[in-house]
Amino acid sequence: QNAAALDSPARFVELLELPWLHWGLLALGLFCLVLLLHVIVLRRKVAERTQHVRTSEQKLSAILDNAGALVFIKDTDCRYQYVNRQAADLMGCAVADIVGKDDTAFFDDATVQAVQANDRRVFASRERIEVEETTVAKHGGEPRVYLAVKVPLFDSQGAVMGVCGYSTDITALRRADESLRLAATIFESQEGMLIAGPDRRILRVNGALLRLTGYADGELLGQNLSQLQSGRSDATFYAEVWNAVAQNGHWAGEMWLERKGGEVYPAWVHIAQVRSAAGEITHYVSTQMDISERKAAEDEIRTLAYYDALTGLPNRRLMSDRLQRSLANSQTGGLGGALLVVDLDNFKDLNDTLGHDTGDELLRQVAERLEQCGRRSDTVARLGGDEFAMLLEGLSTDRAQAARQAEAVARTVLEMLGKVFVLDGRVHHTSCSVGIALYVDAAGSVEELLKRGDLAMYEAKAQGRNTLCFFDLRTQEAVAKRTALEADMREALVQKQFVLHYQAQVEAGGKLVGAEVLVRWRHPVRGWIYPDDFIGIAEATGLIVPLGAWILRSACVELARWAGHPDTEPLTLAVNVSARQFRHIGFVEELLTVLRETGANPARLKLELTESLLLDDAEGAIERMTQVRAHGVRFSLDDFGTGYSSLSYLKRLPLDQLKIDQSFVRDILVNANDAAIARTIVSLAHSMDLRVIAEGVETEEQRALLADFGCHTWQGYLFGRPAAVQEMLAQFSLSSNHELLFKE
Ligand SMILES: Nc1nc2c(ncn2[C@@H]2O[C@H](COP(=O)(O)OP(=O)(O)OP(=O)(O)O)[C@@H](O)[C@H]2O)c(=O)[nH]1
């Protein structure tokens, strides 16, 4: 009905005019408007909310991405729902490629198993867990250790819908822990170890160090490191050690340390410097190991290898080593040496009769005696069996002199081993044979020297044993001759076998002005021996001092005799004084005593010195000459021109005369050089107001030429050979017992 009513406009108007309709339509319109408004507000709110959520999400993701840890969410199938950037970095994928996948896509099997087991623990327990997880990513890289906090996620019904994890990388921490644990284990190792501060005061020591040093716990703390040092090494050594530590950061080597009780022990020590990142020294770490046993073992080995067990002497090997070094040194250092090979005579007999043990005892005693025969620096060795060796170093480079020195030691050996031995309470006599090889014979080779020493020893055996032999026969002969001559000379002094001969010194007109005394030796077997053959040995052995004194005294006695007659009173006597004699400490005193005791006129005595003697010790010579000259005794310089005297030096000598050496006179007529030298010496003498005499004048022509040069005093065969005093004087119609024999 209403519908029908509405169909007609009139009806509609009618209806409009109805108040309920009117109000109804209005309400509807209003409702629609409100609805529209509501929708608009709602949409704005949604938009605002969406914006808000997005901002929050961005903030959250910014926070999570920079959380410094891995953050992730997994569903109950362990599939990733969310990962932060750090987790994505670890897995080596973009976030979008991770979501929806599980761990098998990113980690190795072990990691997957461990990680998922933890996840399942969370699902099952529905509780938060804290676990350490080690992960190895599939794409490679180092294993990393994480401290993972895993929390269950629940849905609105309270069912577990996943797990949220937060994993912090603690790899570095774990490594540091490990190092610390390792360091602590090492620190308590068997090696003594300590830590000191930069001031070298001890901060920590381990148990091994306490056991090693004998200190109680805490006793060393605060002490300086030097507390452990021993006085066996000096300050320089420790300074060098610390220098090395400063320069290289560490030092390692052997050091003598001291235990608490004062016992010193050898240790292998390592000292290292610890520096801070800024480069400052923060600590010193030192380890030490007692190497007493090792050293003892080394010593033992060395002893076995280089020493003879029976006698304790160096063995052949050590001897060869030393010989090698000694030979090299002698070549560079210019010193001589010798090897003595000493072999006991008939040692086998002792072994056979009294047994091997007694033989051993003799060998031990022989070793002891041999060590007393040479100098401390000489090496005595046992070469094997009953054969010993002595290495004599620092001998003269002069062959003859070295031979004499070696011979002296060899004689001592013969003498010492020739003395009685007491073996098991029984007296035993033995002897030995000694072979001597000089370094100069060795040609630089140790083997050669040993071989030659052996050969010489066999030669001594061949000569009947109990004797010595040189490798070189010439040396042997020379030494034997010298030794015999030396012994004879001592005897000759006692037996008065020395005789003085006089050779005239003459002036123009054949006038005798004096004589030179020349010593001769009337040997009971060898006949006349001339000075050239014995003065050298007399000088070397020191026999020149008593011999020279005897000559001087004899000459003075003769001078005193001459003083008794006007014809012989003006004559002078020239006496040669050798270098060693002149330098002898009591020379001046003795000369004055002789002059006093014999009553000889000092002014008639002329001492002839050689140029070389003056050169050796110029100042000493001048002083002594001046002393003697003050008592009236005069000096003549023998063999002038053969040395290297400088004129300025010559001027300082209180000389009276220069003697032209016979070597210039001999050829003065044929050798222009010699003539020139003779002439120069004469003019030099004149210019220095000295007398000049020429010796060795044999012909009238020589005399005449010398006279031409201005030399008017001569000596030589032309005026007479050296002869007994009576004979010499007789030639000039004089006599030493004041009788005029004949006059021209
Ligand atoms: N007691 C002892 N004897 C040893 C030792 N070594 C070697 N011998 C003996 O020493 C003796 C050496 O003898 P030789 O030097 O050859 O002969 P020798 O009897 O001394 O006679 P000559 O040397 O010719 O004078 C041998 O009998 C060796 O057995 C040792 O260590 N102790």
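Colleague: What makes Glu132 and Arg174 a salt bridge?

Modeller: In this predicted model, the side chains of Glu132 and Arg174 come to 2.6 Å, N to O. The cut-off is 4 Å between a side-chain nitrogen of Lys or Arg and a carboxyl oxygen of Asp or Glu, so the pair counts.

Colleague: Which parts of the chain does that pair link?

Modeller: Glu132 is in strand E3 (residues 129-135) and Arg174 is in helix H7 (residues 171-187), 42 residues apart.

Colleague: Why is Glu132 called partly exposed?

Modeller: Its relative accessible area is 42%. Partly exposed runs between the buried limit of 20% and the exposed limit of 50%, so Glu132 belongs there. Arg174, with 28%, is partly exposed by the same rule.

Colleague: How many salt bridges are there in the structure?

Modeller: The structure holds 36. One of them joins Glu130 to Arg128, with the closest N and O atoms 3.6 Å apart. Lys74, Asp103, Asp119, Glu133 and Lys150 are linked in a network of such bridges.

Colleague: Where do Glu448 and Arg452 lie, and how far apart are they in the chain?

Modeller: Both are in helix H15, four residues apart, which is about one turn of the helix. An α-helix has 3.6 residues a turn, so residues three or four places apart point the same way. The side chains of Glu448 and Arg452 meet in a salt bridge of 2.8 Å, N to O.

Colleague: Why is Arg452 called buried, while Glu448 is called partly exposed?

Modeller: Arg452 has a relative accessible area of 19%, which is under 20%, so Arg452 is buried. Glu448 has 21%, so Glu448 falls in the partly exposed range.

Colleague: Asp454 is in helix H15 too. How do you know that Asp454 has no salt bridge?

Modeller: The nearest side chain of opposite charge, Arg316, is 4.8 Å away. The limit is 4 Å, so no salt bridge is counted for Asp454, although Asp454 is buried. Leaving aside neighbours within four places in sequence, Asp454 is in contact with Val341 and Glu387.

Colleague: How do you know that there are zero disulfides?

Modeller: A search of the whole structure finds none. For Cys373, the nearest cysteine sulfur is that of Cys432, 8.5 Å away. A disulfide needs two sulfur atoms within 2.5 Å, so Cys373 is in none. Cys373 is buried, at 8% relative accessible area, and Cys469 is buried at 0%.

Colleague: What makes up the largest nonpolar core?

Modeller: This core has 81 residues, and those with the most contacts inside it are Trp562, Leu607, Ile660 and Leu706. Helix H18 (residues 544-562) gives the largest share, nine residues. Apart from this core lies another, of 37 residues, among them Val380, Phe388, Val409 and Val413.

Colleague: Why does Ala540 count as partly exposed?

Modeller: Ala540, in helix H17 (residues 531-541), has 37% relative accessibility, so it lies between the limits of 20% and 50%. Not counting residues up to four places away in sequence, Ala540 touches Arg482 and Arg580.

Technical notes
Residues numbered from 1 in each chain as written. Predicted model: local features only at pLDDT ≥ 70, side-chain atom pairs only at ≥ 80, totals over all residues. Heavy atoms only, no water. Buried < 20%, exposed > 50% of the residue type's maximum accessible area, 1.4 Å probe, protein only. Helix = DSSP H or I, 4+ residues; strand = E, 2+ residues; numbered from the N terminus. Lys, Arg positive; Asp, Glu negative; His and termini not counted. Contact = heavy atoms within 4.5 Å. Core = buried A, V, L, I, M, F, W, Y, C linked by side-chain atoms within 4.5 Å.
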